[in-house]
2 protein chains.
Amino acid sequence: MKPDVKHMKWWGWGEEGVFFNYLNKPAFAPFVKKALNIDLRPRKIDTIAFDPATVAESEVPGALLEALVAATDADQVTTDAHERVVHGHGSSVTELLHVSRGDYGRLPEVVVYPRTDAEVAAVLAAAVEQDAVVVPYGGGTNIARSLQLDPAERRPIVSLDTGLLAGLYELDEEAGLARVGGGMQGPALEEALNDRGWTLGHMPDSFTHSTVGGWAATRSSGMQSDKYGDIADIVRGMTVVRPSGTVSLKPVPSESTGPSLREMFIGSEGRLGVITELWVQVHRLPAERTVVAYMYPEWKTAVAAIRQISDEEIPTTFVRISDGNETGFSLATQKAATTVKKKVEAAGQKGLWALMRKRGWDTDQMCISYVCFEGSAEDVARRRKAVDKIAKTHGALVLGTGPGALYDQKKFDTPYLRDFLLEQDVMGDVSETAAPWSKLNGIHRAVYAAAEKAYQQLGRKGWVMCHLSHSYHVGACLYFTFAFKVGDNPDAEYALLKTSIQQAFVDNGGTLSHHHGVGMEHAPWMEQVVSAEGVAIMRSLFDATDPGRNLNPGKIIDPAISLFDALD
Amino acid sequence: MKPDVKHMKWWGWGEEGVFFNYLNKPAFAPFVKKALNIDLRPRKIDTIAFDPATVAESEVPGALLEALVAATDADQVTTDAHERVVHGHGSSVTELLHVSRGDYGRLPEVVVYPRTDAEVAAVLAAAVEQDAVVVPYGGGTNIARSLQLDPAERRPIVSLDTGLLAGLYELDEEAGLARVGGGMQGPALEEALNDRGWTLGHMPDSFTHSTVGGWAATRSSGMQSDKYGDIADIVRGMTVVRPSGTVSLKPVPSESTGPSLREMFIGSEGRLGVITELWVQVHRLPAERTVVAYMYPEWKTAVAAIRQISDEEIPTTFVRISDGNETGFSLATQKAATTVKKKVEAAGQKGLWALMRKRGWDTDQMCISYVCFEGSAEDVARRRKAVDKIAKTHGALVLGTGPGALYDQKKFDTPYLRDFLLEQDVMGDVSETAAPWSKLNGIHRAVYAAAEKAYQQLGRKGWVMCHLSHSYHVGACLYFTFAFKVGDNPDAEYALLKTSIQQAFVDNGGTLSHHHGVGMEHAPWMEQVVSAEGVAIMRSLFDATDPGRNLNPGKIIDPAISLFDALD
């Protein structure tokens, strides 16, 4: 029997039946032709039927299987082929490329769905006793290859699905704190909170399928972090089950209790145990919420404006700027105007473009920006006025709330594009960093140069675009998307792009990731970012607390698979 | 030769020649009579002459001394008796009680003042090589007994004074980041920043003598943390020198790089190495700064008002409420009116009291509150208006900026009172916690009950008072002060009070300390706060990264001295 836990498509992102459709977006095919020099074909694949015959029978040792059933129950343990494939990968583009082509890689021998902390403890004890590896699995959305399994691992691998550790257990309305199961997915949690007038406000791109425990385990940040905080700010207490015992951290606003255990578990990607329960800070639903769009003549001006919003401490829920390339991409994904209202809007947009050109703007350089305001009607009006003023000072046009509302509706759709592109033999992926304000323009330039050089090396046209999001007092996140038509060796070609961009980050004052985690994907840069001695401390911590290397080994440091090995 | 590094009095707090004077505060002696049932004597002790003959010659091994001189220079290494006494303790009331009476406890054999990271590395290497213990020393202000030395330690102890690792090395005005030496003290740093139009804004009570590295090592928080953040928010990057290598963490606004090394070093109290350099976020000096005072009829109403300020997300630099007892104490430390202006003010205050009594207020229950606003004149005016409105809704009287300005001037004076009281054979100390909003009133009640019970057990009248400060989305800090006339066994009597209060914290949803650190003082509660398994993880970390136990052992967990041992 299969527990009732929602999973994504085994072969791609999201729900079956949801796709990116370019046929109703007249500018998209010409845009791709120009960007990648390829002709798009209509999408053909609606789904990929799963064939269990493509998967070898599980070789799970009988003693381990018995021990896992004893730790939980017979209907919570499965060796079903489809379940093993689903749990055998995360959502990085390289994993999906291979999986969708029937190349599953190393699969777990068994999947277990514990219902309680005691069951998690029993599963971990059984795994250590039987010398098995345990990889916790939440929504499967991770793109840093934290879930990909080590092909060289000879011991049995147990995928521990947290899907039954879900629920809003407690809401402390006086403190603004909620106690939540680690396996609870974003939409279920928001719905339960919204029903009572509250919100978590944590909205990563993966929101529709990822879990609270997964957010904590990968040190996530959502697009509204300016107001609601990174997951490290949001998580105030937690329960972590380990083979040797359980750590329970009470929720407090702040504390001085030595090195922070909370901040060790956050980002630990299963290497320190399983995060089963979390105390998260929640906010009352705002009376008003508005997203305003602005158009800046160029990137540097837009960054300076956003810097000034931070400097003047104007509370925003999010700020975002797309650079010239990303703004062009956004415009190319606009739907065709089919109603009178849309046609009038489209005509208005043409007039706007004419105005910009008249002002001398280079429309390839212009940058669209979105700023979200929440609060009382009065707060929203005042903050909006202050940001409008800053934007105008920096030469921006205030586009108003129409495009903002559209952006807000579409915000979780982007990952579907990746699957569409894969079907077109195009690899599209993302790489993001964070850096001080003083380093952002340098990183932006360096990444474009690095990507361009890599595309030249591949001998084909490729694409790169960027947005700034997640604004802090000292800096912000830069989020790059790159895409290219794959050739004979997709892994090597991808590795060339990805390593070029990551290296440009760390060489120019950025970190290896702002909110995607380390996994195996970013592990090769850990020494450059935290020093060899910093990696040595982490190694000491993992070795000392997991002497048998049973807890998702080969992630964060000393990766089981390195991108550099894939380079030609 | 003694390096030119400023230290506090060897026998008490702060600078020689600065004292608490009660003779110009007419209400103080009657207040103490009522609170503690004792008659104050005029202060007699201006200073305590240091007699080197009271200190046994250092038994530092010759090889160690030579190695330390080789690691630095002859004028950076000293075995001088006064230097050893200064570096032999922090500023906890039990340490000062003993030291001021000539009972120095375990002293370091040698004090070393490295000037560079390379010298720190060489000192640490020498210490490990010679099997010595190294205790980093900043301003000596720590009151959690993080600096007190283990009397049972048979190996030589080296006090590593960070005083020469000082300076504002770099100011990145575009990012709002400063690179600072770990040994730089608060006033020097603020002055250097203020000169260029910037501020760190980190103002712990110890500010006048504590160091940036010490703030980080003890997970400090300053009174202005609502705006400027805790030290964990302020420190964005750092250099930590360890015997096996140096960790350099670049400054970034936020990052997803696995378990946070930054958050391991913050609060590590020397157990993971020496923090030599920090990247801290800095703010432009605000155009306006105002502190407004409010008087609430009672504690619970005042807490609800502050909760509402947080709920409405009105930016404040700090908020503070004193409970009835602390408000009474504040009024008792007002200076006598000696000028016409002061006399008019005093008359106004009497009128105010009459008004309150007419309104039916119990003047023993009323709570003074201070709220600080910073920003543009317009921001300050708007925020102040919003807080005034909330205060009035909760029945408060707005006292205005007069008392606020006075509070702001006197904010670093409190620690001097402790020395005055010690001379009167009164131990006065503090204990602070943080908890969710929903737990604050329960903790407040429980601490009063616990202190009362302890005083009954001692059979004498004692005092306790409290303020709320450091407001966060989910809760706040409660800061208690207690005082009693010591009897025959000050250590046991102190331990009874302190353990009773700390236990009331952790039994009622609070943590063991909001910003004072763990040291040996709070270590006995670590298992109750982070679980036995959490302590086991910390032990693994310390053991694995400091196998020879050379780095300030016996602090944070497994304390060398436990308060419970002092109980009768």
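**Aromatic pairs.** I began with the count, which comes to 38 aromatic pairs over all chains. My rule was this: rings of Phe, Tyr and Trp (its six-membered ring) pair if their centres lie within 6.5 Å, and planes under 30 degrees apart are stacked, over 60 edge-to-face, the rest tilted. I looked up F31(A) and W463(A): their ring centres are 5.0 Å apart and their planes stand at 80°, so I noted the pair as edge-to-face. This pair links distant parts of the chain, 432 residues apart. F31(A) sits in helix α1 (residues 28–36) of chain A, and W463(A) in strand β17 (residues 462–471) of chain A. Helices (H or I, at least four residues) and strands (E, at least two) are DSSP runs, numbered from the N terminus. F31(A) and W463(A) are both buried. Buried means under 20% relative accessible area, exposed over 50%, and partly exposed in between (1.4 Å probe, protein chains only).

In chain B I checked Y22(B) and F28(B), a tilted pair with 6.4 Å centre to centre and 40° between the planes. Y22(B) and F28(B) are buried.

I also noted the basis of my values. The model is predicted: local features need pLDDT of at least 70, side-chain atom pairs count only at pLDDT 80 or more, and totals for chains, interfaces and linings use all residues. Residues are numbered from 1 along each chain as its sequence is written, chains are lettered from A and ligands numbered from 1 in the order in which they are written, and side-chain values use heavy atoms, leaving out hydrogens and water.

**Ring cluster.** Which residues do ring pairs link into a cluster? I listed F20(A), Y22(A), F28(A), F31(A), F329(A), F420(A) and W463(A).

**Charges over rings.** K25(A) lies over the face of F20(A), 4.7 Å from the ring centre. R43(A) lies over the face of F19(A), at 3.7 Å. The test puts NZ of Lys or CZ of Arg within 6 Å of the ring centre and within 35 degrees of the ring normal.

**A buried histidine.** I found H444(B) in helix α17 (residues 437–458) of chain B. Is H444(B) buried or exposed? Its relative accessibility is 11%, so H444(B) counts as buried. H444(B) touches W299(B), D323(B), C466(B), L478(B) and F480(B), not counting residues up to four places away in sequence. Contact here means heavy atoms within 4.5 Å.
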